[in-house]
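Subject: Structure handover

Hi,

Here is the structure I promised to pass on. My notes follow below it.

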Amino acid sequence: MSAAGSRAEVRAAARAAAAEIARLGAGAVETDPAALVKLSSDWSRMSPVLSEKVPPGRYVADVAVRPRTGDDVAAILAVAFAAGVPVTPRGAGTGNYGQATPFDGGILLDLRGLDTVRVNDAGTVTVGAGARLTTIDRVGRAAGRDIWLFPSTKHSTAGGFLGGGSVGTGTIEHGTTTDGFVTAATVVPMDGSGRTVPVSGAALEPYVHAYGVTGIVVEAELATDDRREWVALYAAFDSYRAVTDVHRQLLDLPVRPRLASADEPALVPTLTTPVALDPERHSLRVIAEASTVAALTALVRTGGGDVVAVLADYAETDRLSGMSYNHPVWFLQRARPRSPLFHMEIGGRPLWDDPDAVRDCYPGPVHLHLELFGHGPGAMLVAPYRSEEEVLAGIPRMEAAGLDVHSPHQWFVDRNVGLVIDTAARTDPRGLLNPGKLLPEPPSGARVNIGVR
């Protein structure tokens, strides 16, 4: 429980703090019960484990506050600190791991009002925590820039992506959100100071992918490239071996793709494609730089596949991105509501070289959705769900098979844990920021994200 005491005491303190925040004009206050349930939930329902542990309505904030500026956030945290009220940050609610669940109630900090975007002379973009990646990308491209990364749920906010995400479209070339994507940030600590703090360089490390437990990132400067002309290419193959033989060669293209997703036939019928796909064939979908289409087409044909379509409209690359990472899992779950499925996030060359060893890690049928990283393949393994114990039992088998594993069935900070703990001791000495997400030793189901190298 938070520093304010019992659950009833937290509720009373949160409402008193919200009244003070409203008096200061630091944010709009929401107390409607239905709105609070919605704001206190995210897409953790994708996990059957988390659906049992954190269903909507079980953990609900006492109030929600929506600031509009970084100074508003600083004022809110100062009031909450003085009252001992926990604060849980939230963006668009598109996270899948329950990171924004307010376990101790208190204040839900809705950051979507911090939505500024500007392109800098140096080519970077400076964005508010609530700016959506769709907007950031549109503004950047209008100025001749491509942001390095954006998540498969592109309407996510920048703060949510930096705080809880990791990889996405652009990862093949640029790695993860901790690999130089963030060049500077403005952070609000939970130390009673009511201040904003500029952070840059190596000092950024404990604030990215830390679920907000070290401080609230209210503004960030993000890296970009010169704008490229991207196209969406669809291809089909008759076998897993054929599609993976081409998948691995995509790293040798003169300009690496922005995204390269592949699916087994079981996943193909539920994909939200603008073109007809053969449900009996394996699907390969690539966001490719326009100048590489001829080379990519040659790879596909030499590998025994067929190019189904090449779509030059940039909006079609966004549609293709929306069929990447865990989205095909969700499409399959939605199509089979009476047959619960779980997924695991994995990576490693056995996905290319020995897929049967990967499938043998769980009782079947087991299906694989593939992604491409700069160092090799990643995947979402999909299988029938029977129990959390069975899900966890497969982790050591996958590691023994040579795979990296990240479980989407837990909410704990799982990267740079020691550094995050040391930082939070200074920036959140009362443990009021997003309580319940930081443990000295995350459980066995938590692993470093599969995109990290």
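Which salt bridge do the side chains of Arg 141 and Asp 146 meet in, and what is the N to O distance? The two side chains pair at 2.7 Å, N to O. Bear in mind that this is a predicted model.

**Salt bridges**

The count comes to 22 salt bridges. Besides Arg 141, Asp 146 forms a salt bridge with Arg 258, with the closest N and O atoms 3.9 Å apart. Asp 146 sits in strand 7 and Arg 258 in the loop between helix 8 (240-249) and strand 13 (259-263), so this pair ties together parts that are 112 residues apart in sequence. Buried here means under 20% relative accessible area. Asp 146 has 2%, so it counts as buried. Arg 258 is buried too, at 5%. Arg 141 is buried at 10%.

A second pair is Arg 359 and Glu 264, with the closest N and O atoms 2.6 Å apart. This pair also links distant parts of the chain: Arg 359 is in helix 13 (residues 355-359), Glu 264 is in the loop between strand 13 and strand 14 (282-289), and they are 95 residues apart. Arg 359 is buried at 17% relative accessible area. Glu 264 is buried at 8%.

Arg 7, Arg 11 and Asp 62 form a salt-bridge network.

**Cavities**

There are three cavities of 30 Å³ or more.

Strand 7 (145-147) and helix 7 (171-174) each supply at least two lining residues. Its lining has four nonpolar, two polar and six charged residues.

**Cores**

Nonpolar side chains tend to be buried together in soluble globular proteins. The largest nonpolar core here has 48 residues. Val 127, Ile 136, Phe 181, Val 182, Leu 222 and Tyr 234 touch the most other members. Leaving out residues up to four places away in sequence, Phe 181 touches residues including Trp 148, Phe 161 and Leu 222. Another core, of 43 residues, lies apart from it, with Val 49, Ala 242, Leu 372 and Val 391 among its members.

Best wishes

Definitions and conventions: Residues are numbered from 1 along each chain as its sequence is written. This is a predicted model: local features need pLDDT of at least 70, side-chain atom pairs count only at pLDDT 80 or more; totals for chains, interfaces and linings use all residues. Side-chain values use heavy atoms; hydrogens and water are left out. A nonpolar core is a set of buried Ala, Val, Leu, Ile, Met, Phe, Trp, Tyr and Cys residues joined through side-chain atoms within 4.5 Å. Buried means under 20% relative accessible area, exposed over 50%, partly exposed in between (1.4 Å probe, protein chains only). Contact means heavy atoms within 4.5 Å. On a 1 Å grid over the protein atoms alone, a cavity is a set of points where a 1.4 Å probe fits but cannot get out, and a pocket is an open set with protein on both sides within 12 Å along at least five of seven lines; lining residues have an atom within 4 Å of a point. Grid points are joined across faces, edges and corners, and a volume is the space filled by probe spheres set on the points. Helices (H or I, at least four residues) and strands (E, at least two) are DSSP runs, numbered from the N terminus. Ala, Val, Leu, Ile, Met, Phe, Trp, Tyr, Cys and Pro count as nonpolar, Asp, Glu, Lys and Arg as charged, and the others, Gly among them, as polar. A salt bridge is a side-chain nitrogen of Lys or Arg within 4 Å of a carboxyl oxygen of Asp or Glu.
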